[in-house]
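Here are my notes on the model you sent over.

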Amino acid sequence: MRMIMDATTFHTKFGFSSLSPFIQKVVHPPLLTSAKSLYTSNKFNQTPVFSLIKAQHFKILPTKPFNHLQDFIFFHSNSSQGMLGKVLVVLLASGLAWAFPALLPPPPRICGSPDGPTVTGPRIKLRDGRQLAYKEHGVPKETAKYKVVYAHSFGSTRYESAIASLETLEELGAYVVSFDRPGYGESDPHPKRTIQTTALDMEELADQLGLGPKFYVMGYSMGGHSVWGCLEYIPNRLAGAALVSPVVNYWWPSFPANLSTEGYNLQLSQDQWALRVAHYAPWLVYWWNTQKWFPYNSVLSGKLKMSPPDLEVVSRSAKHANEMQKLKEYAVKQGVFESLHRDMMVGFGKWDFDPMDLKNLFPNGSVHLWHGDEDWVVPVILQRYVIERLPWINYHEIPNVGHLVMHDPAMKEVIWKTFLTGET
């Protein structure tokens, strides 16, 4: 009943309104009239089909007439259409019987569990008992000049190619530890994951690996949310931070309504709907992104709207298509809900803070944000507003570059060097 109440009351600044008028328009009143008449009869309550439905679903459907609820649904009595009403109510009950299980995601297949995937790399055990998988890159941390914790993008893993080459890391004297964000790859899911919990995971990873009192953080695309979390919740632990093509949440309170709507409308219509669901009806996210009736999130469906620069990057990466596909499968091997879907729910849900309210705790200018002006995934107009509000962040707008900037070998080398040394 909680889900039904939520679905009939929420509305958004992007076009949702109450669903009750919609139901009244779509469902034909005479049919509801006859259905009410039929349901209230004792003969109907004795039908084997309805008795079976009631027994099968743990009394979700009442065994007595609906009383006030039946008046809301059925309006008026009209026994002349009894058979049609009988069919309607049976279909309605059957639909509910199908809908409830369809809304619920299957449980994740935990890595290392008897029925789960095998563990193939190192992990740390966090204070709450979860396992966090990680991978080390670059020079040994004992001799490193820069120590960086890296957060990967949507649908990716600790093996993400956005990390600088070994040659570059050795040249910089940099140590980088990437990790599978909760639910991805071989890191345990976190059903209560928030922006804050991932930031604290990064801090604990740094502490268990002995990175010292201060370290750098970098996040690409959806991984940018983790960096915003670090700037809010553990700023005293940071030597610097980098956000590269960071995904924005269109519901951050500081965004002017007209600007967030403009950026939102630049998305494909299917993505607009997917974001609405993630923000306003997270209990529908699994069903929405797995049903086959209409288009769902473009990234999940593999039909992302890409700019010409991004298409060029993809074409150059075609020879690695098989390897990239294996990494995508690895990312979700514990299930799509606790990885991809949870990412959407957390990233586009309600945050406990507004990034545009952050205070400047980095007078040395060690926080950077890079964004391509041909990014069709995250509109650059929103990043420009973020920087207006946070002028202490070093902003690098890259001409003729799209969202896949970190998959361009030349660009990612420049970004890593600028971030750690300040040299362009």
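1. Ground rules. This is a predicted model, where local features need pLDDT of at least 70 and side-chain atom pairs count only at pLDDT 80 or more, while totals for chains, interfaces and linings use all residues. Residues are numbered from 1 along each chain as its sequence is written, and side-chain values use heavy atoms, with hydrogens and water left out.

2. Overall. The protein has 19 helices and 8 strands, taken as DSSP runs (H or I, at least four residues, for helices; E, at least two, for strands) and numbered from the N terminus. Of its 424 residues, 52% are buried, meaning under 20% relative accessible area with a 1.4 Å probe, protein chains only. Among contacts (heavy atoms within 4.5 Å) between residues at least 6 apart in sequence, 77% join residues at least 24 apart.

3. The sheet. It is an open one of 8 strands with mixed pairing, in the order S1-S2-S4-S3-S5-S6-S7-S8. S1 (123–125) and S8 are the edge strands, each pairing on one side only. From one strand to the next, the twist averages 25°. Pairing here takes at least two DSSP bridges between two strands. S3 (residues 146–151) and S4 (residues 174–179), for instance, run parallel and are joined by 6 bridges; Val-148 has Val-176 in S4 as its bridge partner.

4. Strand S7. How many of the residues of S7 are buried? In S7 (residues 367–372), 6 of 6 are. Val-367, Leu-369 and His-371 point one way, with His-368, Trp-370 and Gly-372 pointing the other. In a regular strand, side chains alternate between the two faces of the sheet.

5. Neighbours of S7. S6 (residues 238–244) runs parallel to S7 and is joined to it by 4 bridges, with Leu-243 standing opposite Leu-369. S8 (residues 394–398) also pairs with S7 in the parallel sense, over 5 bridges, and there Trp-370 is partnered by His-396. Between S7 and S8 the chain passes through H18 (residues 380–389), a right-handed β-α-β crossover; that is, with the strands pointing away from the viewer, the path from the first strand over the helix to the second runs clockwise.

6. Helix H18. Its buried residues include Val-380, Leu-382, Tyr-385 and Ile-387. H10, H11 (257–265), S7 and S8 are among the elements covering the buried residues of H18.

7. Helices on the sheet. H9 lies across S1, S2 (131–138), S3, S4 and S5 (215–220), at about 105° to S1. H19 (residues 409–421) touches S3, S4, S5, S6, S7 and S8, its direction making about 150° with that of S5. Angles run from 0 to 180 degrees between N-to-C directions, using lines fitted to C-alpha atoms, for helices over the stretch in contact.

8. H9 against H10. The axes of H9 (residues 195–208) and H10 (residues 224–233) come within 8 Å and cross at roughly 80°, so the two are roughly perpendicular (65 to 115 degrees). Among the residues making the contact are Ala-199 and Met-202 of H9 and Cys-230 and Tyr-233 of H10.

9. Ser-153. This residue sits in the loop between S3 and H8 (166–172). Is Ser-153 buried or exposed? Ser-153 is buried, at 8% relative accessible area. Leaving aside residues up to four places away in sequence, Ser-153 touches Glu-160, Arg-181, Tyr-220, Ser-221, Met-222 and Gly-223.

Note on methods: Angles under 35 degrees count as roughly parallel, over 145 as roughly antiparallel, 65 to 115 as roughly perpendicular and the rest as oblique. Buried means under 20% relative accessible area, exposed over 50%, partly exposed in between (1.4 Å probe, protein chains only).
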